[in-house]
Amino acid sequence: MNSTKRVLLESIEKLGGFRLMQWRYKNKPQILMYHRVIDMPSVRGMTPALFERQLIYLRNHFRIVPMQTLVAELKTGNIQPYTLALTFDDGHFDFYAHAWPLLRKYKLPATLYITTGFVDGTHWLWPDLIKYLLTTHTLVGEGRDSIELQPLGQLSTSPTNIDETWNKIGDYCLTLPVVERNHFIQRLAQRLNVSFPSQPQSPFQAVTWDQLREMHREGLDIASHTMSHPLLSTLDSHSLHQELHMSANRIQQELGFMPLGICYPNGREEDISPAVIHQAQSLGYHYGVLARNYPSNAEHVFLLGRVSAQQDFTYFKWSLSRQQPITDQVPFDY
């Protein structure tokens, strides 16, 4: 955030503007989206210290409820003022190590959407795999500052440009079906002359089923983020059924209950379709969440929008106060 905008927002807050906006939109529920809580320069995430600061603010300004409560109140039209739910995607180990202890400390409910193949150790999360390849290439010191990889052309492998290159590769991979994406990442590994282990390594490892059982006993809500984190709208009907069914089935086998929610991988409107939602409904899911800030309403509980938790604390408070979805309409009907 630039300094001018920061000064403006801080002035609005001092004059009570944030609280006024929260009051104005108090009957519109919000769902806050987090990913990683970790203090490591090579991994994009929120530090535990900042996460704790945000939790204190949330506890003091909002009514934090489990996702099931928010969805039930939406369906009955009985949403209470200042309602907000906390959600976390993927299921990395740092949720257990850093996020959950703080959530327990402040007695705040949360939902963790897990990618079951990742927890089983059979799948890497592909953005993690790209970051692993880039950082490992740097560590082994191949002596090359760039590689050529079509169709992206010349890519910097300099340590100072890893995040930029990671973003460029990730954006391209988001456009690819699963098989093509996997082939592309294999080519990336070959060009970097780096092999990768079959199971994710630190700091990219997943939470374990035993840790999930422990947290569930302590009150954590656990739901599905599919089996292998594919772009669901690109799958044929059989593969789509497998992703949604097998992830729910693994949660049932390991934790003893069927998950109520599905968190769509990547969560953009183009990553979902009516066929995806119909399949989720037929398998017994109760709701679905996006990774975009669409409005939440009772008619479209399978397209619930979420607000991404901002790293800048002032902008974090502003984004939760202004209640400004990217549009007033859901992306499509189903």
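Two strands pair if DSSP finds at least two bridges between them. Strands (E, at least two residues) and helices (H or I, at least four) are DSSP runs, numbered from the N terminus.

A word on the source. This is a predicted model, with residues numbered from 1 along each chain as its sequence is written. Local features need pLDDT of at least 70, side-chain atom pairs count only at pLDDT 80 or more, totals for chains, interfaces and linings use all residues, and side-chain values use heavy atoms, with hydrogens and water left out.

Stay with β3. Strand β2 (residues 63-64) also pairs with β3, in the parallel sense, over two bridges. Here Arg-63 stands opposite Thr-83 in β3. Next comes strand β4 (residues 111-114). Four bridges join β3 to β4, and the two run parallel. Asp-89 stands opposite Tyr-113 in β4. How does the chain get from β3 to β4, and what is the hand of the crossover? The path goes through helix α5 (residues 93-105), and this β-α-β crossover is right-handed. Right-handed has a set meaning: with the strands pointing away from the viewer, the path from the first strand over the helix to the second runs clockwise.

Now look at cover. Buried means under 20% relative accessible area, exposed means over 50%, and partly exposed lies in between (1.4 Å probe, protein chains only). β3 is mostly covered, with eight of its eight residues buried.

Move on to β4. Thr-111 in β4 is the bridge partner of Thr-87. Which way do the residues of β4 point? Thr-111 and Tyr-113 point one way, Leu-112 and Ile-114 point the other way, and all are buried.

β4 also pairs with strand β7 (residues 221-224), in the parallel sense, over four bridges. In β7, Asp-221 is the bridge partner of Thr-111, and Ala-223 stands opposite Tyr-113. Asp-221 and Ala-223 point one way from β7. Ile-222 and Ser-224 point the other way, and all of these are buried.

Next, the empty space. Rolling a probe the size of a water molecule over the atoms shows where empty space is left. The search runs on a 1 Å grid over the protein atoms alone. A cavity is a set of points where a 1.4 Å probe fits but cannot get out. A pocket is an open set with protein on both sides within 12 Å along at least five of seven lines. Lining residues have an atom within 4 Å of a point. Grid points are joined across faces, edges and corners, and a volume is the space filled by probe spheres set on the points.

The largest pocket holds about 1300 Å³ of space. Its lining has 43 residues, of which Met-33, His-35, Arg-44, Trp-166 and Ser-308 lie nearest its centre. Among the elements that give two or more residues to this lining are β1 (30-34), β3 (83-90) and α8 (162-173). Where does the largest pocket lie? It lies between domain 1 (3-122 + 208-320) and domain 2 (126-192), because both give residues to its lining. The domain bounds come from an automatic or database domain assignment.

Sort the lining by class. Ala, Val, Leu, Ile, Met, Phe, Trp, Tyr, Cys and Pro count as nonpolar, Asp, Glu, Lys and Arg as charged, and the others, Gly among them, as polar. The largest pocket then has 17 nonpolar, 15 polar and eleven charged lining residues.

The structure also holds one cavity of 30 Å³ or more. The largest cavity has a volume of about 60 Å³. Its lining includes Gln-22, Tyr-25, Phe-62, Thr-83 and Leu-320. By class, that lining has four nonpolar, five polar and two charged residues.

Ser-319 lies in helix α13 and is buried, with a relative accessible area of 10%. Glu-180 lies in helix α9 (residues 178-192) and is partly exposed, at 45%.
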